[in-house]
Amino acid sequence: MPDFWIGPRSTGEGFREAHIAFATPDRDSVRAFFDAARAAGAEVLHEPRVWPEYHADYYGAFVRDPDGNNVEAVCHAPE
């Protein structure tokens with residue numbers, strides 16, 4: 001699993017949001033990221049929750065940054 005990667009844009013024209021994900025060591029860190037982002041005025045995309053469509057222990061939260069990008073904090077460890 002890569003720590004960070006940038007892939008080529010293969011669809012659309014003009015601005016297309018980036019999806020930036022930060023791995024965290026635990027679910028409390030995901031919630032702390034989300035609470036801090038919301039307190040700073042970030043648009044909420046998805047509150048912290050389990051995303052079983054990715055895998056059973058995928059716990060993530062998503063916000064939009066001031067530039068329009070999708071920023072995620074995710075924990076892959078079991079509860």
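**Nonpolar core and aromatic cluster**

In this predicted model, the largest nonpolar core comprises 9 residues, namely Val30, Phe34, Ala37, Tyr59, Ala61, Val63, Val71, Ala73 and Cys75, where a nonpolar core is a set of buried Ala, Val, Leu, Ile, Met, Phe, Trp, Tyr and Cys residues joined through side-chain atoms within 4.5 Å. Two or more residues of this core come from each of α1 (27–39), β3 (59–64) and β4 (70–75), helices (H or I, at least four residues) and strands (E, at least two) being DSSP runs numbered from the N terminus. Residues are numbered from 1 along each chain as its sequence is written. Local features need pLDDT of at least 70, side-chain atom pairs count only at pLDDT 80 or more, and totals for chains, interfaces and linings use all residues, while side-chain values use heavy atoms, with hydrogens and water left out.

The structure also holds 3 aromatic pairs (ring centres of Phe, Tyr or the six-membered ring of Trp within 6.5 Å; planes under 30 degrees apart stacked, over 60 edge-to-face, the rest tilted). Trp51 and Phe62 pair edge-to-face, at 5.3 Å centre to centre and 80° between the planes; because Trp51 lies in the loop between β2 (43–50) and β3, and Phe62 in strand β3, the pair ties together parts that are 11 residues apart in sequence. Tyr54 and Tyr58 form a tilted pair, with ring centres 4.7 Å apart and planes at 55°.

Trp51, Tyr54, Tyr58 and Phe62 form one aromatic cluster. Trp51 is buried at 5% relative accessible area, as is Phe62 at 4%, whereas Tyr54 is partly exposed at 48% (buried, under 20%; exposed, over 50%; partly exposed, in between; 1.4 Å probe, protein chains only).
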